[in-house]
Amino acid sequence: MAAVSKAPAPTWRYPVWSTAKKDLVGSALGPARLWFTVGKGIVTEVFYPRIDIPQIRDMGLIIADDKGFWQELKTLPNPTLQIDDPAVPLPIVTHRHERFTCTLRICADPLRDVLLMDFHLEGDADLRPYLLCAARLGEDAEHNQAWVDEWEGRPVLWAEQGPFGLAISCRNPEGLSGLENLSVGEVGASDLWQDFHRNGRMLWQYQEAGPGEVSLSARLPRQGTLALGLGTSKEAAATLAWSSLAESFASAEAEYRGAWKAWHAQQPTSSELKRRLPASVHTLYTRSATVLKVHEDRTFPGAMVASLSIPWGEASNSRGGYHLVWSRDLVESAGALLAIGAVAEARRVLTYLISTQQADGHWLQNQWLGGKPFWQGVQLDETGFPVLLAAALQAEQALDGIVINDMLRRALGFIFREGPATGQDRWEEDGGINPFTLAVAIAALVEGGELLGGKARDCALLLADYWNAHLEDWTFASGTDLARKYGVSGYYLRIAPQDVLCHAGAMNEWVMIKNRANDPHLPAEEQVATDFLQLCRYGLRRADDPHIRDSIQVMDALLKTDTPSGPAWHRYNGDGYGEHPDGSPFDGSGRGRAWPLLVGERGHFALLTGEDALPYIETMAKMTGLGGLLPEQVWDSAAIPDRDLFPGRPSGSAMPLVWTHGEFVKLCHSWQRGYPVDRPQTTWKRYQGKAPKIVYTLWRFRQRPRQMPVGNDLRFLLSAPFTVHWGFNGWQNPTDTVSEDWDLGHVAILPTQKMAPGTTLQFTFYWRDTGQWQDEDFSITLQGENT
């Protein structure tokens with residue numbers, strides 16, 4: 001067919017992404033700002049100029065003979081993936097068919113924003129490869145435009161959208177342009193796949209497409225190199241693409257390999273760890289370090305996204321996916337970087353976090369790299385984690401000029417005002433009192449207070465000790481049907497409603513499970529999670545504490561699942577974040593699957609009990625995908641081969657999950673040292689696994705106890721200067737007590753230790769900075785017996 005100017009547009013659009021099951025993620029260590037992923041044996045998303053901006057959906061090949069036979073490479077089963085060195089993300093992908101073998105080598109140019117794909121087709125001489133690329137510049141699927149054109153006398157495929165330009169060129173073995181029969185189209189209507197699907201061969205040659213989700217295609221020689229260039233205009237991208245091709249694939253590959261080898265040489269694996277780790281485990285250890293480094297941005301040094309993937313991307317039109325920054329994931333990854341000795345990278349994480357802290361002290365639920373919010377939730381642990389990173393760097397004497405006091409004061413101030421409740425737990429679903437979040441918040445208060453010193457330290461410890469002492473009051477359920485079923489006294493809850501701060505009956509309140517099509521209406525006391533393990537990891541409770549032992553028994557009974565790769569755990573009972581039972585993608589509801597991350601957390605707990613953690617390390621290593629990457633979840637039901645779902649193997653969730661790779665690295669080092677390498681040192685020393693014995697009751701507007709043990713003094717911790725006006729048993733003997741400035745808050749202590757049981761105190765507040773009364777009376781009653 002003769003070339004036609006304008007490609008037809010689809011009548012209906014639902015743009016989706018590529019598979020989240022990545023076989024490899026890569027980036028060159030150099031001035032270039034480009035990241036790429038490989039899934040199903042082809043190039044999937046390419047990111048530029050930041051790691052949070054995907055510019056294409058995928059780029060692959062169709063093999064055809066122009067006589068009716070055609071085969072898209074990404075639909076061929078079982079491509080082989082060769083990675084010669086786990087330290088270097090440099091893939092060689094081989095697709096085999098009875099009529100051909102097609103080999104792809106993929107590499108990012110270290111000097112230019114160009115992705116190179118060297119291809120070689122062998123077999124039936126009638127066959128030719130055809131390029132098929134779906135552009136999604138700036139993550140946009142509505143306003144891309146594409147053209148067939150020439151640049152400096154060579155044919156080129158172009159696309160533009162807003163500030164982004166894309167160009168694809170090809171070099172044949174003679175060094176000349178290899179693009180033939182060029183065409184552009186719109187996905188779903190006039191792209192190359194539709195052409196082959198309808199006609200059995202390439203007939204369309206459209207010269208212009210869009211605005212919309214555009215595709216670029218051309219016939220290629222049987223051997224050559226494709227260059228996908230990205231720039232601030234299509235012309236700039238074309239210049240970069242051919243400049244890279246002129247220097248050759250081999251040249252870029254050698255420089256790419258050398259830079260990665262040099263980076264690993266800067267933080268070599270200790271000889272003892274290398275000797276002790278089984279070979280397959282050491283390979284994953286090295287690959288995990290590479291994954292951590294790949295996910296760091298260049299425009300915003302220290303910013304790391306959670307994953308270069310969109311969970312269940314083939315069914316998702318999400319603009320964010322997991323290529324966003326979560327401060328929790330970021331600090332967990334930074335802890336792994338510290339463990340391997342990549343101190344400079346960990347320092348950059350802290351400075352990035354300092355720059356993106358909100359004015360009131362917290363960090364956004366997640367954000368684009370520049371600091372713009374994506375989701376709007378508030379998670380208290382995400383405010384605590386940056387404090388723990390600062391403390392970890394200080395423990396390594398690695399702060400070296402980074403100013404942290406302002407960040408610490410703001411963060412601790414937010415924890416002080418908002419805690420112990422969180423707006424969302426670490427799984428971003430429900431609000432309340434969560435053991436994991438509380439462990440992080442308590443540790444942040446202890447570590448941050450130690451770093452600040454003085455009255456700030458006293459104030460932070462006042463709050464941290466009180467929260468630690470009341471952990472079981474707020475998050476441990478006793479005497480329930482579940483406890484009786486498993487023969488235990490009780491167990492830690494997944495999350496308790498905030499009302500539990502006022503009355504224990506709140507544990508009976510319904511906590512909604514938000515990722516289920518039909519919520520099971522389980523009360524808080526019937527929901528169990530793995531989150532309490534953090535209490536042991538941070539030294540708040542011993543691993544042999546009776547509360548912990550009982551909770552482990554219930555957790556393993558409800559959440560543990562045995563897979564061919566080894567045992568794994570679900571997040572909590574009733575979880576719906578995962579594929580449906582038939583294997584179809586999560587679409588807002590589903591059934592939760594097992595998480596390799598939780599295998600690592602369970603391995604850290606095993607270490608604290610004196611158990612060998614190596615089996616947990618080996619289990620994680622068996623749960624990797626084709627390219628050795630760790631997924632967010634593994635399938636834990638009967639195999640569904642048509643959906644590529646097999647027990648103990650990656651599901652369609654995010655892969656790699658950087659946090660999981662970080663957890664694996666940390667578990668390897670913890671196993672070597674005999675203790676969790678990311679334990680906060682001051683917290684560990686202060687509590688030594690035991691709840692502190694306190695002789696005071698703390699009153700705050702966020703937690704207003706109505707009773708207090710006899711023999712305690714009553715302490716008020718408020719955010720502004722105040723005078724507490726108080727009396728007892730009907731306002732007898734009214735007295736004023738003036739608060740003191742304890743840096744992070746204002747404290748007043750009432751001498752109530754010798755008051756008799758049954759005494760009721762009445763009190764209110766006069767705010768000295770505004771000259772106003774609280775205009776509300778409060779009371780608290782002493783309970784128990786004098787001793």
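R409 is partly exposed, with a relative accessible area of 34%. The structure shown is a predicted model. In this model, R409 forms a salt bridge with D743. The closest N and O atoms of the two residues are 2.6 Å apart. D743 is also partly exposed, and its relative accessible area is 37%. Where do the partners sit? R409 belongs to helix 9 (residues 405-418). D743 lies in the loop between strand 28 (740-741) and strand 29 (746-750). The pair therefore ties together parts that are 334 residues apart in sequence.

Side chains of opposite charge can pair when their charged atoms come close. Across the whole structure, a search finds 47 salt bridges. One of them joins E45 and K22, with an N to O distance of 2.5 Å. E45 lies in strand 4 (residues 42-47), and K22 in the loop between strand 1 (4-6) and strand 2 (24-27). These positions are 23 residues apart in sequence, so the bridge ties two separate parts together. Are E45 and K22 buried or exposed? Both are buried.

Next comes the pair of R201 and D66. Their salt bridge has its closest N and O atoms 3.7 Å apart. The link joins distant parts of the chain, 135 residues apart. R201 sits in the loop between helix 1 (192-199) and strand 16 (206-212). D66 sits in the loop between strand 5 (54-64) and strand 6 (70-72). R201 is partly exposed, at 27% relative accessible area. D66 is partly exposed too, at 40%.

Salt bridges also form a network here. Its members are E429, D430, R494, K514, R571 and D575.

Now turn to helix packing. Helix 10 (residues 435-452) packs against helix 11 (residues 454-469) at an angle of about 160°. The two axes are 7 Å apart. Angles over 145 degrees count as roughly antiparallel, so helix 10 is roughly antiparallel to helix 11. Their crossing is left-handed.

Which residues of helix 10 make the contact? They are L438, A441, I442, L445, V446, G449, E450 and L452. Helix 11 contributes G454, A456, R457, A460, L461, L463, A464, W467 and N468. By class, this contact of helix 10 with helix 11 has 12 nonpolar, three polar and two charged residues.

Terms used. Residues are numbered from 1 along each chain as its sequence is written. This is a predicted model: local features need pLDDT of at least 70, side-chain atom pairs count only at pLDDT 80 or more; totals for chains, interfaces and linings use all residues. Side-chain values use heavy atoms; hydrogens and water are left out. Axes are lines fitted to C-alpha atoms, for helices over the stretch in contact, and angles run from 0 to 180 degrees between N-to-C directions. Helices (H or I, at least four residues) and strands (E, at least two) are DSSP runs, numbered from the N terminus. Angles under 35 degrees count as roughly parallel, over 145 as roughly antiparallel, 65 to 115 as roughly perpendicular and the rest as oblique. A crossing is left-handed if the near helix is turned anticlockwise from the far one by less than a right angle, and right-handed if clockwise. Contact means heavy atoms within 4.5 Å. Ala, Val, Leu, Ile, Met, Phe, Trp, Tyr, Cys and Pro count as nonpolar, Asp, Glu, Lys and Arg as charged, and the others, Gly among them, as polar. A salt bridge is a side-chain nitrogen of Lys or Arg within 4 Å of a carboxyl oxygen of Asp or Glu. Buried means under 20% relative accessible area, exposed over 50%, partly exposed in between (1.4 Å probe, protein chains only).
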